[in-house]
Amino acid sequence: MKKKLSRSEARCEAFKIIFSLNQHKDDVDFLFENLAAELPASVTSMPYIKSTVLGILEKEDELLEIISNNLADGWRLDRISKVAKSILLLAVYEIKYAEDVPTPVAINEAVELSKKYDEPDSSAFVNGVLAGVVK
């Protein structure tokens with residue numbers, strides 16, 4: 001059994017929790033406990049996962065404003081898929097607040113998450129929004 005998650009795997013788990021919270025407004029502590037029970041390897045990555053998820057929740061309005069300000073003309077937040085929105089929240093949080101995550105890594109990981117969990121064209125969309133955020 002794997003003893004520790006890679007940072008990419010931990011980031012994926014953080015994304016899943018953010019997505020779940022945006023879908024159902026579940027109890028975040030329940031989601032952390034559930035993750036630890038279902039994926040024991042996540043326990044060692046829990047400090048990163050918790051700080052990231054809680055940071056996103058704390059700064060969600062600011063993060064959404066940043067995302068909204070970097071959408072192409074004619075796009076609004078309510079037109080973005082819930083998956084892309086969750087990925088963008090995670091990436092923008094890491095770009096702005098996670099000092100141990102280089103910006104190119106945050107962008108690349110977001111693009112990879114969108115390739116895995118969203119529509120085929122989503123990765124280009126996510127990359128474009130994040131390019132605007134970084135400018």
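Leaving aside its neighbours within four places in sequence, Ser20 is in contact with Lys25, Asp26 and Leu31, where contact means heavy atoms within 4.5 Å. Ser20 has its place in helix H1, and helices here (H or I, at least four residues) are DSSP runs, numbered from the N terminus. With a relative accessible area of 14%, Ser20 is buried, a word that stands for under 20% relative accessible area, while exposed stands for over 50% and partly exposed for what is in between (1.4 Å probe, protein chains only). The model is a predicted one, in which local features need pLDDT of at least 70 and side-chain atom pairs count only at pLDDT 80 or more, while totals for chains, interfaces and linings use all residues. Residues are numbered from 1 along each chain as its sequence is written, and side-chain values use heavy atoms, with hydrogens and water left out.

One partner is H3, since the axes of H1 and H3 come within 9 Å and cross at roughly 40°; axes are lines fitted to C-alpha atoms, for helices over the stretch in contact, and angles run from 0 to 180 degrees between N-to-C directions. H1 passes H3 in a right-handed crossing, and a crossing is called right-handed if the near helix is turned clockwise from the far one by less than a right angle, and left-handed if anticlockwise. On the H1 side, Arg7, Ala10, Arg11, Glu13, Ala14, Ile17, Ile18 and Leu21 meet Tyr48, Ile49, Thr52, Val53, Ile56 and Leu57 in H3.

Helix H1 (residues 7-24) also packs with H6, at an angle of about 60° and with their axes 11 Å apart. That angle makes H1 oblique to H6, given that angles under 35 degrees count as roughly parallel, over 145 as roughly antiparallel, 65 to 115 as roughly perpendicular and the rest as oblique. Here too the crossing is right-handed, and Ser8, Arg11, Cys12, Phe15 and Lys16 in H1 meet Val105, Glu109, Leu113 and Tyr117 in H6.

Now consider H3 itself, which covers residues 46-58, has 13 residues and reaches 18 Å from its first C-alpha to its last, close to the 18 Å expected at 1.5 Å a residue; the expected span is 1.5 Å times one less than the number of residues in the helix. Buried residues in H3 are Met46, Tyr48, Ile49, Thr52, Val53, Gly55 and Ile56, and what covers them includes H1, helix H2 (28-38), H4 and H5. How are H3 and H5 placed relative to each other? They pack at an angle of about 100°, with their axes 10 Å apart, and are therefore roughly perpendicular to each other. The contact is made by Tyr48, Ser51, Thr52, Gly55 and Ile56 of H3 and by Leu89, Leu90, Tyr93 and Glu94 of H5.

At 1% relative accessibility, Glu94 counts as buried, and apart from neighbours within four places in sequence it is in contact with Arg11, Tyr48, Val101 and Ala106. The C-alpha atoms of Glu94 and Gly55 are separated by 9.6 Å, although these residues are 39 residues apart along the chain.

Leu64 lies in H4 and counts as buried at 15% relative accessibility; not counting residues up to four places away in sequence, it touches Leu77, Lys85 and Leu89.

The last helix to follow is H7 (residues 122-134), which has 13 residues and reaches 18 Å from its first C-alpha to its last, close to the 18 Å expected at 1.5 Å a residue. In H7, the residues Ser122, Ser123, Val126, Val129, Leu130 and Val133 are buried. Seen down the axis of H7, these buried residues fall within an arc of 130°, so they line one face of the helix; the arc is that of the directions from the helix axis to the C-beta atoms. What covers them includes helix H4 (60-69), helix H5 (82-97) and helix H6 (103-117).

Technical notes
Helix = DSSP H or I, 4+ residues; strand = E, 2+ residues; numbered from the N terminus.
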